[in-house]
Amino acid sequence: MHFFRAVLGLGSSGLALMALASCGGSDSTNSSPTIVAKASSSGDAQTAVVASTLPLPIRVLVTNGGAAQANITVNWATTGTGASMNPASSTTDVNGIATTVWILSQAAGAQSATAAVSGATGSPITFTATGTPDAPTAFTGLGGDAQSKAANAVFDEPLLVKISDQFGNPIAGQTVTWAVTSGSASVLPASGPTNAAGTASATLTAGATLGAVTVVATPPGGLAPITFNESVIPPPVVVNVGALGTISYTSAHNGTVNPAIDSVAVGGQVQWVWASGTHRVESTGIPAFTSGPTQSSGSYTVTFNTAGTYQYDCGIHGNLMTGTIVAH
């Protein structure tokens with residue numbers, strides 16, 4: 001009866017898979033096949049750009065009772081889009097060494113491959129590698145465009161961009177420069193690196209002058225910049241909710257009550273501010289808007305981008321609390 005013992009060892013040729021064949025009784029210390037992994041530099045733990053070939057080949061050594069064995073088949077395997085072992089199966093040479101070339105997958109990060117010898121307990125043996133992102137090829141905007149904000153206020157959403165390679169892998173450490181190229185606003189930081197997710201962000205603050213604002217994000221390496229188009233608008237029209245402890249909507253601008261009647265330019269905002277009581281702002285027509293769950297403090301803001309007359313009431317008190325917004 002024959003047994004194989006596979007040992008991962010370090011020799012002059014590097015990482016080695018040693019499949020030892022012996023007749024029954026000839027190996028007194030090993031009654032069953034085993035695999036022992038030892039530190040090695042023969043192809044394990046390399047780093048290279050995704051979808052590229054590792055600089056060093058992957059190699060194993062097969063022996064029988066300490067003697068090198070030729071013509072032993074070693075099967076190689078890896079996973080991931082674009083990954084391959086070339087060849088996928090090879091035989092040992094006269095020195096007992098089998099070799100293959102590992103082409104990494106398109107995904108950045110940890111990757112693995114295996115070498116297997118049929119009949120060897122503990123097989124396969126695993127090799128590891130790390131794929132690093134390819135060169136930057138894509139610069140995309142992820143959020144923060146087309147916002148409106150009152151003068152001297154911070155815009156609600158940060159300006160967000162991402163840098164990635166041709167396979168969509170995020171690239172960290174790329175410096176993005178931010179600049180307001182027109183309009184009244186300021187942006188911070190003026191420049192900053194992308195993080196591990198490949199993203200960089202900036203905070204935009206509206207200036208005192210109303211009108212359009214343009215912000216440009218510029219990446220390194222000649223990629224096309226991204227333009228964000230924003231607007232600085234008048235301060236919101238304020239409607240007090242439950243003013244003076246009453247069941248009422250009261251215009252802070254003109255004092256009208258139930259209905260509170262206000263007007264706003266198209267693109268302007270109305271802000272309901274809770275003074276007392278528990279209430280919910282909700283429209284009674286189209287387009288619909290609502291402050292959501294009932295609340296007894298805080299505020300709720302709506303931007304009116306289309307001209308028209310908008311009616312609203314309280315989701316709790318109905319027509320006891322009403323208001324009208326005219327967008328023009």
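Me: Why does Y312 count as buried?

Reply: Because a residue is called buried under 20% relative accessible area (exposed over 50%, partly exposed in between, with a 1.4 Å probe and protein chains only), and Y312 has 1% relative accessibility, so it counts as buried. One thing to keep in mind: this is a predicted model, in which local features need pLDDT of at least 70 and side-chain atom pairs count only at pLDDT 80 or more, while totals for chains, interfaces and linings use all residues. Residues are numbered from 1 along each chain as its sequence is written, and side-chain values use heavy atoms, with hydrogens and water left out.

Me: What makes Y249 buried?

Reply: Its relative accessible area is 0%, so Y249 is buried.

Me: Why is the pair of Y249 and Y312 called edge-to-face?

Reply: The whole structure holds eight aromatic pairs. For Y249 and Y312 the ring centres are 5.0 Å apart and the planes stand at 70 degrees, so this pair is edge-to-face. The cut-offs are these: rings of Phe, Tyr and Trp (its six-membered ring) pair if their centres lie within 6.5 Å, and planes over 60 degrees apart count as edge-to-face, under 30 as stacked and the rest as tilted.

Me: How do you know that this pair links distant parts of the chain?

Reply: Y249 lies in strand β25 (residues 249-251) and Y312 in strand β30, 63 residues apart. Strands here are DSSP runs of E, at least two residues, numbered from the N terminus.

Me: And why is the pair of W272 and Y300 called stacked?

Reply: Their planes are at 25 degrees and their centres 5.7 Å apart, so the pair is stacked. W272 belongs to strand β27 (residues 268-274) and Y300 to strand β29 (residues 299-304), 28 residues apart. Both W272 and Y300 are buried. Along with Y249, F289, F304, Y310 and Y312, they form one aromatic cluster.

Me: What makes strands β30 and β31 a pair?

Reply: Two strands pair if DSSP finds at least two bridges between them. Seven bridges join β30 (residues 308-314) to β31, and the two run antiparallel. A hairpin of three residues connects them. On its other listed link, β31 (residues 318-327) runs parallel to β26 (residues 260-264), with five bridges.

Me: Why does C314 count as buried?

Reply: C314 has 2% relative accessibility, so it counts as buried. This residue of β30 stands opposite G318 in β31. C314 also touches Y249, H279, R280, E282 and M321, not counting residues up to four places away in sequence; contact means heavy atoms within 4.5 Å.

Notes:
Helices (H or I, at least four residues) and strands (E, at least two) are DSSP runs, numbered from the N terminus.
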